[in-house]
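Colleague: I am new to reading protein models. Could you show me how to go through one, feature by feature?

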Amino acid sequence: MYLDSDITIVVPTCERPEMLKQCLTSIKCQTLKPTVVLVMDQSSDDRSELISKDFNVLYHRCRYKNKSKAMNEAIKRSETSWVAIIDDDTILEHNWVEVVDQRRKKFPCIEIIQGNIYASTGYDTTNEDIHDKEEIVSKSIITPLFLIGCNFAFSKKLYNRVGVFNEKLGPGTKNKGGEDIEWGYRVFYEKKSLLICPDLRLIHYSWRTQD
């Protein structure tokens with residue numbers, strides 16, 4: 001039996017079955033389970049065999065390759081008040097969902113939470129972008145949220161006000177990226193505050209090359 005965290009986790013994925021499997025395992029091992037996990041698969045082949053039968057994961061096969069479109073479709077399908085988006089090449093800290101749930105209840109005026117992202121060598125990795133203290137950030141000058149892409153959660157109310165992720169940006173488009181930063185700009189344009197939470201931690205694989 002799963003406790004209802006009222007949080008949907010969205011996992012866009014494309015052609016990375018082994019990484020997706022590890023990611024889903026980290027979600028399955030959470031101290032507090034998400035209400036549901038929506039896997040939006042844009043791979044050439046069906047990967048539904050990776051979905052565990054004893055875990056609340058819904059698999060959706062996309063007939064396109066567009067991460068932003070997949071995220072928007074998943075959020076539209078979600079029925080919870082909060083949504084979290086993570087990459088398929090991440091591993092969540094065991095209490096990741098619990099931290100989101102605790103912070104959104106502790107700070108009811110906050111509608112978006114951002115955590116720390118560590119390299120694949122582990123949580124002790126030195127990274128100049130890592131935050132060491134919890135703080136609420138409000139900005140009148142529009143600046144990007146550089147870490148927002150694969151470790152953040154937000155309320156559906158905020159999404160409905162800010163609008164959808166730009167489907168002309170991100171993996172699967174000519175621009176290949178920037179959908180998270182552009183959406184972050186709009187969050188601050190709406191004068192919304194962001195909670196930076198160092199305890200919200202995940203590992204992101206450093207598998208990419210410079211090419």
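Predicted model: local features only at pLDDT ≥ 70, side-chain atom pairs only at ≥ 80, totals over all residues.

Colleague: Happy to start with the helix. Which residues of helix α5 are buried?

Modeller: First, the general idea: an α-helix has 3.6 residues a turn, so residues three or four places apart point the same way. Now the case here: α5 spans residues 179-189, and its buried residues are E179, D180, W183, G184, V187 and F188.

Colleague: What covers the buried residues of α5?

Modeller: The cover includes helices α2 (67-77) and α4 (156-162), together with strands β6 (112-119), β7 (135-137), β8 (152-155) and β9 (194-204). After α5 comes K191, with a positive phi near 60 degrees.

Colleague: You mentioned a buried charge. Where is K156 found, and how far away is the nearest side chain of opposite charge?

Modeller: K156 sits in helix α4. It is buried without a salt bridge, and that nearest opposite charge, E79, is 8.8 Å away. Beyond its neighbours within four places in sequence, K156 contacts I75, S78, T80, S81, W82 and V83.

Colleague: And the cores? Which residues touch the most other members of the largest one?

Modeller: In soluble globular proteins, nonpolar side chains tend to be buried together. Here the largest nonpolar core has 33 residues, and I9, V11, I27, V37, V39, I86 and W96 touch the most other members. Elements giving this core two or more residues include β1 (7-13), α1 (17-28) and α3 (96-106). Another core, of 25 residues, lies apart from it, with V36, A74, I85 and V162 among them.

Technical notes:
Residues numbered from 1 in each chain as written. Heavy atoms only, no water. Buried < 20%, exposed > 50% of the residue type's maximum accessible area, 1.4 Å probe, protein only. Helix = DSSP H or I, 4+ residues; strand = E, 2+ residues; numbered from the N terminus. Contact = heavy atoms within 4.5 Å. Lys, Arg positive; Asp, Glu negative; His and termini not counted. Salt bridge = Lys/Arg side-chain N within 4 Å of Asp/Glu carboxyl O. Core = buried A, V, L, I, M, F, W, Y, C linked by side-chain atoms within 4.5 Å.
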